[in-house]
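Thank you for asking me to look over this model.

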Amino acid sequence: MEEKYGRKSKKGKLRVVPKGTASNEMCTFLILNISSLQLIPVNMIAYRSQYGSVNPAAIVGPAIVATLVSTIVMIILEI
């Protein structure tokens with residue numbers, strides 16, 4: 001089995017990550033990008049406008065809260 005690279009753990013020991021395996025840091029980066037804080041959900045506003053919503057921009061507040069909560073939960077669970 002080939003090693004991709006080595007990383008030092010919190011205890012100072014070298015931990016080997018096998019090739020084809022994501023490290024914890026890579027997984028954290030991926031989850032942070034997936035939760036992606038979207039400040040203005042343009043697609044949702046366009047869909048709501050297209051289907052005749054009275055206030056299509058009403059989704060902005062709840063969308064910001066939802067993305068903030070998902071990002072904060074990811075950070076808390078990672079620590």
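1. Helices (H or I, at least four residues) and strands (E, at least two) are DSSP runs, numbered from the N terminus. This is a predicted model, in which local features need pLDDT of at least 70 and side-chain atom pairs count only at pLDDT 80 or more, while totals for chains, interfaces and linings use all residues. Residues are numbered from 1 along each chain as its sequence is written, and side-chain values use heavy atoms, with hydrogens and water left out.

2. The protein chain has three helices and two strands, which follow the pattern β-β-α-α-α along the sequence. Of its 79 residues, 11% are buried, where buried means under 20% relative accessible area, exposed over 50%, and partly exposed in between (1.4 Å probe, protein chains only).

3. Helix α3 covers residues 60-78; its 19 residues reach 27 Å from the first C-alpha to the last, close to the 27 Å expected at 1.5 Å a residue (the expected span being 1.5 Å times one less than the number of residues). Buried in α3 are A63, T67, T71 and M74. Because these residues cover an arc of only 60 degrees around the axis, they are on the same side of α3, the arc being that of the directions from the helix axis to the C-beta atoms. An α-helix has 3.6 residues a turn, so residues three or four places apart point the same way. V65, I76 and L77 are exposed on the other side of α3.

4. V65, V69, V73 and L77 make a nonpolar surface patch of about 380 Å². Patches are made of residues with over 30% relative accessible area and no salt bridge, like charges being joined within 9 Å and nonpolar side chains (Val, Leu, Ile, Met, Phe, Trp, Tyr) within 5 Å; a salt bridge is a side-chain nitrogen of Lys or Arg within 4 Å of a carboxyl oxygen of Asp or Glu. Accessible areas come from the Shrake-Rupley method with a 1.4 Å probe, and for residues only the protein chains shown count as cover. V73 is partly exposed, with a relative accessible area of 41%.

5. N33, in helix α1, is partly exposed at 44% relative accessible area. N33 and T71 are 38 residues apart in sequence, yet 9.2 Å apart in space, C-alpha to C-alpha.

6. S23 sits in the loop between β2 (14-18) and α1 (24-35), and is buried, with a relative accessible area of 2%. The side chain of S23 makes a polar contact with the side chain of E25 (3.3 Å). A polar contact is a pair of N or O atoms within 3.5 Å; within protein, one must be able to donate a hydrogen and the other to accept it, and residues adjacent in sequence count only if both atoms are side-chain atoms.
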